[in-house]
Amino acid sequence: MRLPPPLLMVLVGLLMALLAAFSPSLAWPLALRVALGVLLALLGLALALAGLLHFRRARTTFDPLHPERASRLVSWGIYRFTRNPMYLGMLCLLFGWALYLAAPLAWPGPLVFVWLMNRWQIAAEERALQQLFGEDFLRYQARVRRWL
């Protein structure tokens, strides 16, 4: 995929908002929607930032369009629990957005994001990492789940 994942997240979020405009809204109080949405957004930002900081600390690239430029396999910290904390963070943001929108037609958005990321972005990254790090990556892949 040659579309940066943050841009894909924004596009999916816009599609969710468009679909929400044509969907009946659930009768959830605005304060609840905002509170849950903000909570998930903060969790998402924390996950993404933790992943980014570990890459910076390891002095390796975090450019999702060029995983072949990775100089080190990061498998500590947040990467002990998920192989993709930045993408998981984006997913949390989309779930928070779906909660805020409170529209049934918006709910497939995060699932579409996961499907697109698995199919196009993560699969390509995993191939590149396997070529770069061989057995080390395969052991890491077997030990740590892709999302959670």
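Buried means under 20% relative accessible area, exposed means over 50%, and partly exposed lies in between (1.4 Å probe, protein chains only). The model is predicted: local features need pLDDT of at least 70, side-chain atom pairs count only at pLDDT 80 or more, and totals for chains, interfaces and linings use all residues. Residues are numbered from 1 along each chain as its sequence is written, and side-chain values use heavy atoms, with hydrogens and water left out.

**Figure 1. The chain has four helices and zero strands.**
Helices (H or I, at least four residues) and strands (E, at least two) are DSSP runs, numbered from the N terminus. The order of elements from the N terminus is α-α-α-α. Along the principal axes, the C-alpha atoms fill a box of roughly 50 × 25 × 25 Å. The chain holds 148 residues, and 42% of them are buried.

**Figure 2. Arg83, Glu126 and Arg146 are joined in a network of salt bridges.**
A salt bridge here is a side-chain nitrogen of Lys or Arg within 4 Å of a carboxyl oxygen of Asp or Glu. The structure has three of them. In the pair Arg83 and Glu126, the closest N and O atoms are 2.5 Å apart. This pair links distant parts of the chain, 43 residues apart: Arg83 sits in the loop between helix H2 (30–58) and helix H3 (85–101), and Glu126 sits in helix H4 (residues 108–143). Arg83 and Glu126 are both buried. Arg146 also bridges to Glu126, at 2.6 Å from N to O. That pair too links distant parts of the chain, with Arg146 in the segment after H4 and Glu126 in helix H4, 20 residues apart. How exposed is Arg146? Its relative accessible area is 25%, so Arg146 is partly exposed. Glu126 counts as buried because its relative accessibility is 10%.

**Figure 3. Arg139 and Asp136 form a salt bridge.**
The closest N and O atoms of the pair are 2.4 Å apart. Arg139 and Asp136 are three residues apart in helix H4, so about one helical turn separates them. Arg139 has a relative accessible area of 46% and is therefore partly exposed. Asp136, at 44% relative accessibility, also counts as partly exposed.

**Figure 4. The largest pocket holds about 580 Å³ of space.**
Rolling a probe the size of a water molecule over the atoms shows where empty space is left. The search uses a 1 Å grid over the protein atoms alone; a pocket is an open set of points where a 1.4 Å probe fits, with protein on both sides within 12 Å along at least five of seven lines, and lining residues have an atom within 4 Å of a point. Grid points are joined across faces, edges and corners, and the volume is the space filled by probe spheres set on the points. Which residues lie nearest the centre of the largest pocket? They are Phe55, Tyr79, Met86, Tyr87 and Glu125, out of 29 lining residues. Helix H1 (5–21), H2, H3 and H4 are the elements that each give two or more residues to this lining. H4 supplies the largest share, six residues. The lining divides into 22 nonpolar, two polar and five charged residues. In these classes, Ala, Val, Leu, Ile, Met, Phe, Trp, Tyr, Cys and Pro are nonpolar, Asp, Glu, Lys and Arg are charged, and the others, Gly among them, are polar.

**Figure 5. H2 meets H3 with axes that come within 7 Å.**
The axes cross at roughly 170 degrees. H2 is therefore roughly antiparallel to H3. Axes are lines fitted to C-alpha atoms, for helices over the stretch in contact, with angles from 0 to 180 degrees between N-to-C directions. Angles over 145 degrees count as roughly antiparallel. The residues of this contact comprise 19 nonpolar, five polar and one charged.

**Figure 6. Ile122 and Arg119 are two residues of helix H4.**
Ile122 is buried, with a relative accessible area of 1%. Its C-alpha atom is 9.3 Å from that of Tyr87, 35 residues away along the chain. Arg119 counts as partly exposed, at 49% relative accessibility.

**Figure 7. Arg69 lies in the loop between H2 and H3.**
At 52% relative accessibility, Arg69 is exposed. Arg69 and Pro29 are 40 residues apart in sequence. Their C-alpha atoms are 47 Å apart in space.

Note on methods: Angles under 35 degrees count as roughly parallel, over 145 as roughly antiparallel, 65 to 115 as roughly perpendicular and the rest as oblique.
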